[in-house]
Amino acid sequence: MDFNSFVRQLSKIRNIALPAETSHLKMAPPERRDILVNLDLNAVSPRRAAVLMLVYPKNSMATLALIERNSYKGVHSSQVAFPGGKRESFDISDMATALRETEEEIGIPRKDITVVQPFSEIYIPPSNFMVSPFLSYIDYEPNFVPDPREVSAMVEFPIADLLDPDCVFLKTMPTSYSTSIAVPSFRVRNYAVWGATAMMLSELKDVLNESL
C-alpha cells in the first residue's frame with residue numbers, strides 16, 4: 001500500500017467498527033486468551049499506558065514504526081513494540097501520553113503528528129497495564145532520534161507486509177506464562193512481533209483489510 005492510498009483510506013477507516021477482542025484473540029498467546037475472556041478490571045486495577053501506531057511515507061510506501069526495547073530487568077525486555085509508555089499524572093489524556101512518549105522515545109515532534117483515531121484498548125497481564133493504541137501519521141519520512149536509554153533499534157516495515165497472510169507464524173519461546181510455548185507472531189523483517197503489540201497489529205490489519 002502506498003502512502004497516498006493509505007491517506008485516502010482514512011475516511012473509510014474512521015467509519016469501521018473496531019473488531020477489538022475478535023482481532024486481539026487471533027494473536028494472543030494461548031494462556032492469555034483465558035485471562036482476557038474472564039478479565040475483571042475492577043479486581044486488577046490496571047495502570048494506564050498509551051502507544052502510537054505511526055504511519056509515514058518511505059520510498060512512497062505507507063510504513064509503520066516499531067522499536068526494539070533495550071534489555072533490562074523486566075517483562076518487556078528486548079521486545080519489539082510501538083513507541084509509547086505509561087501515563088503520567090501531568091498527561092491530560094491517553095492520547096497526550098502516546099504523543100509525548102513518541103516524541104521522547106523516537107524524536108518525532110508531537111506537533112507534526114495527525115492522530116486518526118483510537119483503537120481498542122488491550123490489557124497486558126504480566127505488567128498490569130491497560131494500553132490505549134492510537135493510529136496516526138506524519139506526511140514525511142522521519143529522521144528518527146531514538147532515546148538510547150529506552151530504544152535499542154528502530155524497526156520499520158511497510159503496511160503491505162502486515163497485510164501479507166504469510167507474515168503470521170507460530171514461534172516457540174519462553175514467556176511469562178510458560179518456559180516453552182508456541183506463540184502467534186508477525187514476521188517483521190528479522191524480528192518476531194508477539195504479545196500485545198501483535199494483538200494491536202492484528203486489529204489494525206483487520207481494519208485495513210476491511211477498508212480496501
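Reader: Which residues do ring pairs link into a cluster?

Author: That would be F3, F6 and Y137, linked by ring pairs. Keep in mind that this is a predicted model.

Reader: Okay, and how many aromatic pairs does the count come to?

Author: The count comes to 4 aromatic pairs. One of them is F6 with Y137, an edge-to-face pair with 6.5 Å centre to centre and 80° between the planes.

Reader: Why does the pair of F6 and Y137 tie together parts that are apart in sequence?

Author: F6 sits in helix α1 (residues 3-14) while Y137 belongs to strand β7 (residues 129-137), so their contact ties together parts 131 residues apart in sequence.

Reader: Are those two buried or exposed?

Author: F6 is buried, and Y137 is too.

Reader: What about Y56, what does it form an aromatic pair with?

Author: Its partner is F144, again edge-to-face, at 5.6 Å centre to centre and with 75° between the planes. This pair also links distant parts of the chain: Y56 is in strand β1 and F144 in the loop between β7 and β8, 88 residues apart. Y56 and F144 are both buried.

Reader: Switching to strands. What stands opposite Y56 in β2?

Author: T63 does. Strand β1 (residues 47-58) and β2 run antiparallel, joined by 4 bridges. Their hairpin has 2 residues between the strands, and N59 takes a positive phi there, near 55°.

Reader: Which other strands does β2 have bridges to?

Author: β8 (residues 151-158) is one, antiparallel to β2 and joined to it by 7 bridges. Strand β3 (residues 80-81) is another, also antiparallel, with 2 bridges to β2.

Reader: Last one, back to rings. What lies over the face of F169?

Author: That's R187, at 4.2 Å from the ring centre of F169.

Technical notes: Residues are numbered from 1 along each chain as its sequence is written. This is a predicted model: local features need pLDDT of at least 70, side-chain atom pairs count only at pLDDT 80 or more; totals for chains, interfaces and linings use all residues. Side-chain values use heavy atoms; hydrogens and water are left out. Two strands pair if DSSP finds at least two bridges between them. Rings of Phe, Tyr and Trp (its six-membered ring) pair if their centres lie within 6.5 Å; planes under 30 degrees apart count as stacked, over 60 as edge-to-face and the rest as tilted. Buried means under 20% relative accessible area, exposed over 50%, partly exposed in between (1.4 Å probe, protein chains only). A charge sits over a ring if NZ of Lys or CZ of Arg is within 6 Å of the ring centre and within 35 degrees of the ring normal.
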